[in-house]
Amino acid sequence: METRPLPLGIADHRHYYLASLAAEVHRTYFYKYPPLPVRWGQQINRKKRRSIRLGSYNHVTTEIRIHPLLDSPEIPAFFIQSVIYHEYLHHVLGASHNRRFHKEERKFRYFRESKEWIRRHLWLLLGIKRNRNVIVPPPPALPPQMVLF
Ligand SMILES: [Zn+2]
(Lines give C-alpha, C1' and ligand atoms only; values in the text may rest on other atoms or scores of the structure.)
Protein backbone atom coordinates (compact mmCIF):
# COMPACT_ATOMS: atom_id res chain seq x y z
CA MET A 1 0.00 0.00 0.00
CA GLU A 2 1.18 3.48 -0.88
CA THR A 3 1.99 5.79 1.99
CA ARG A 4 1.69 9.51 1.75
CA PRO A 5 3.04 12.12 4.14
CA LEU A 6 0.42 13.24 6.62
CA PRO A 7 -0.73 16.83 6.29
CA LEU A 8 0.67 19.05 9.02
CA GLY A 9 -1.90 20.11 11.55
CA ILE A 10 -1.81 23.39 13.44
CA ALA A 11 -0.22 21.68 16.43
CA ASP A 12 2.66 20.51 14.22
CA HIS A 13 3.25 23.99 12.85
CA ARG A 14 3.46 25.34 16.39
CA HIS A 15 5.92 22.60 17.23
CA TYR A 16 8.15 23.11 14.17
CA TYR A 17 8.17 26.88 14.58
CA LEU A 18 9.42 26.62 18.17
CA ALA A 19 11.83 23.80 17.26
CA SER A 20 13.37 25.93 14.48
CA LEU A 21 13.81 28.93 16.81
CA ALA A 22 15.40 26.63 19.41
CA ALA A 23 17.68 25.00 16.83
CA GLU A 24 19.07 28.39 15.83
CA VAL A 25 19.76 29.33 19.47
CA HIS A 26 21.46 25.98 19.99
CA ARG A 27 23.73 26.13 16.92
CA THR A 28 24.64 29.77 17.50
CA TYR A 29 25.43 29.71 21.23
CA PHE A 30 25.30 26.21 22.70
CA TYR A 31 26.67 23.95 19.94
CA LYS A 32 29.17 22.46 22.42
CA TYR A 33 26.25 20.93 24.32
CA PRO A 34 23.65 18.46 23.11
CA PRO A 35 20.43 20.22 22.04
CA LEU A 36 17.72 20.37 24.69
CA PRO A 37 14.05 19.60 24.10
CA VAL A 38 12.08 22.85 23.89
CA ARG A 39 8.27 22.75 24.08
CA TRP A 40 5.33 25.04 24.52
CA GLY A 41 3.83 24.86 28.00
CA GLN A 42 0.19 24.05 28.73
CA GLN A 43 -2.32 26.80 28.10
CA ILE A 44 -4.09 27.92 31.26
CA ASN A 45 -7.00 30.28 30.79
CA ARG A 46 -6.54 33.31 32.94
CA LYS A 47 -7.65 36.66 31.63
CA LYS A 48 -5.60 38.91 33.85
CA ARG A 49 -2.27 38.13 35.40
CA ARG A 50 -0.03 39.98 37.80
CA SER A 51 3.08 38.23 36.60
CA ILE A 52 4.03 35.73 33.97
CA ARG A 53 6.66 33.03 33.85
CA LEU A 54 7.80 33.16 30.23
CA GLY A 55 10.01 30.12 30.29
CA SER A 56 11.26 27.38 32.56
CA TYR A 57 14.04 24.85 32.63
CA ASN A 58 13.58 21.46 34.28
CA HIS A 59 17.00 20.31 35.47
CA VAL A 60 15.76 16.71 35.91
CA THR A 61 14.36 16.22 32.39
CA THR A 62 16.58 19.02 30.87
CA GLU A 63 13.44 20.22 29.12
CA ILE A 64 12.79 23.87 28.35
CA ARG A 65 9.19 25.06 28.34
CA ILE A 66 8.02 28.29 26.81
CA HIS A 67 4.81 29.98 27.91
CA PRO A 68 2.05 29.35 25.31
CA LEU A 69 1.10 33.04 25.35
CA LEU A 70 4.30 33.63 23.38
CA ASP A 71 2.85 31.43 20.63
CA SER A 72 1.32 34.38 18.80
CA PRO A 73 2.14 36.33 15.61
CA GLU A 74 2.40 39.43 17.79
CA ILE A 75 5.49 38.09 19.53
CA PRO A 76 8.74 38.65 17.62
CA ALA A 77 10.94 35.61 17.04
CA PHE A 78 13.97 37.29 18.66
CA PHE A 79 12.01 37.64 21.89
CA ILE A 80 11.06 33.95 22.01
CA GLN A 81 14.71 33.15 21.29
CA SER A 82 15.82 35.37 24.16
CA VAL A 83 13.68 33.25 26.51
CA ILE A 84 15.11 30.02 25.04
CA TYR A 85 18.62 31.45 25.42
CA HIS A 86 17.92 32.34 29.07
CA GLU A 87 16.71 28.80 29.83
CA TYR A 88 19.70 27.25 28.05
CA LEU A 89 21.92 29.33 30.34
CA HIS A 90 20.23 27.71 33.34
CA HIS A 91 21.20 24.34 31.87
CA VAL A 92 24.84 25.45 31.54
CA LEU A 93 25.25 27.67 34.62
CA GLY A 94 22.71 26.38 37.14
CA ALA A 95 19.64 27.89 38.76
CA SER A 96 21.09 31.11 40.14
CA HIS A 97 20.72 34.51 38.46
CA ASN A 98 24.14 35.49 39.69
CA ARG A 99 26.64 37.94 38.21
CA ARG A 100 28.07 35.37 35.83
CA PHE A 101 24.57 34.53 34.63
CA HIS A 102 23.78 38.19 33.93
CA LYS A 103 27.09 38.62 32.14
CA GLU A 104 26.41 35.63 29.89
CA GLU A 105 22.85 36.77 29.31
CA ARG A 106 24.16 39.91 27.63
CA LYS A 107 25.89 37.81 24.98
CA PHE A 108 22.58 37.09 23.30
CA ARG A 109 22.61 39.14 20.12
CA TYR A 110 19.22 40.78 20.75
CA PHE A 111 19.57 41.13 24.52
CA ARG A 112 18.87 44.87 24.56
CA GLU A 113 16.08 44.64 21.99
CA SER A 114 14.44 41.86 24.03
CA LYS A 115 14.58 43.86 27.27
CA GLU A 116 13.13 46.85 25.48
CA TRP A 117 10.42 44.79 23.78
CA ILE A 118 9.17 43.25 27.04
CA ARG A 119 9.30 46.63 28.76
CA ARG A 120 6.93 47.98 26.12
CA HIS A 121 4.69 44.94 25.66
CA LEU A 122 4.36 43.22 29.03
CA TRP A 123 0.87 44.74 29.46
CA LEU A 124 -0.18 42.79 26.38
CA LEU A 125 1.00 39.48 27.86
CA LEU A 126 -0.59 40.22 31.23
CA GLY A 127 -3.97 40.68 29.56
CA ILE A 128 -4.35 44.38 30.27
CA LYS A 129 -6.66 45.59 27.53
CA ARG A 130 -6.72 49.00 25.96
CA ASN A 131 -10.09 50.63 25.46
CA ARG A 132 -11.18 49.97 21.89
CA ASN A 133 -13.20 53.14 21.34
CA VAL A 134 -10.90 55.69 22.87
CA ILE A 135 -7.34 56.18 21.83
CA VAL A 136 -5.35 55.95 25.01
CA PRO A 137 -1.62 55.65 25.42
CA PRO A 138 -0.41 52.26 26.63
CA PRO A 139 0.09 52.06 30.39
CA PRO A 140 3.52 53.06 31.60
CA ALA A 141 6.15 50.38 31.24
CA LEU A 142 5.81 47.77 33.94
CA PRO A 143 8.69 46.91 36.23
CA PRO A 144 10.83 44.08 34.88
CA GLN A 145 10.45 42.02 38.09
CA MET A 146 6.97 41.14 36.86
CA VAL A 147 8.61 38.94 34.29
CA LEU A 148 9.80 35.71 35.78
CA PHE A 149 11.92 33.18 33.97
ZN1 LIG B 1 16.00 32.42 34.96
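I began at threonine 62, which is partly exposed, with 13 other C-beta atoms within 10 Å. For burial I took C-beta atoms placed from the backbone: 20 or more others within 10 Å make a residue buried, 12 or fewer make it exposed, and values in between make it partly exposed.

I noted that the model is predicted, that local features need pLDDT of at least 70 and side-chain atom pairs pLDDT 80 or more, and that totals for chains, interfaces and linings use all residues. I number residues from 1 along each chain as its sequence is written.

**Chain overview**

I recorded four helices and five strands in the chain. I read the order of elements from the N terminus as α-β-β-β-β-α-α-α-β. Elements are DSSP runs numbered from the N terminus, helices being H or I with at least four residues and strands E with at least two.

I found that buried residues account for 17% of the 149 residues. Of the contacts in the chain with a separation of 6 or more, 66% join residues 24 or more positions apart. Two residues are in contact if their C-beta atoms, placed from the backbone, lie within 7 Å.

**The hairpin**

Where does threonine 62 lie? I located it in the loop between β3 (55–58) and β4 (63–66). Its phi is positive, about 55 degrees, although threonine 62 is not a glycine. The two strands form a hairpin with four residues between them, and threonine 62 is in the turn.

I then looked up the pairing of β3 with β4, which is antiparallel over four bridges. Strands pair if DSSP finds at least two bridges between them. Glycine 55 is opposite isoleucine 66 of β4.

**The sheet**

I traced an open sheet of three strands in the order β1-β4-β3, with mixed pairing. Its edge strands are β1 (38–40) and β3, each of which pairs on one side only. Neighbouring strands are turned by 25 degrees against each other on average, direction ignored.

On the other pairing, β1 and β4 run parallel and are joined by three bridges. I listed two partners in β4: isoleucine 64 for valine 38, and arginine 65 for arginine 39. I kept in mind that side chains in a regular strand alternate between the two faces of the sheet.

**Helix α2**

I next followed α2, which lies across β1, β3 and β4 and runs at about 25 degrees to β3. Axes are lines fitted to C-alpha atoms, for helices over the stretch in contact, and angles run from 0 to 180 degrees between N-to-C directions.

Is histidine 86 buried or exposed? Histidine 86, in helix α2 (residues 77–93), is buried because 22 other C-beta atoms lie within 10 Å. I computed a C-alpha separation of 9.9 Å between histidine 86 and isoleucine 64, which are 22 residues apart along the chain.

I also examined α2 against helix α4 (residues 111–125): the two pack at about 105 degrees, with axes 9 Å apart. The helices are therefore roughly perpendicular, a term for angles of 65 to 115 degrees. The contact involves Phe78, Phe79 and Ser82 of α2 with Phe111, Glu113, Ser114, Trp117 and Ile118 of α4. I sorted these residues into five nonpolar, two polar and one charged. Here Ala, Val, Leu, Ile, Met, Phe, Trp, Tyr, Cys and Pro count as nonpolar, Asp, Glu, Lys and Arg as charged, and the others, Gly among them, as polar.

Methods: Angles under 35 degrees count as roughly parallel, over 145 as roughly antiparallel, 65 to 115 as roughly perpendicular and the rest as oblique.
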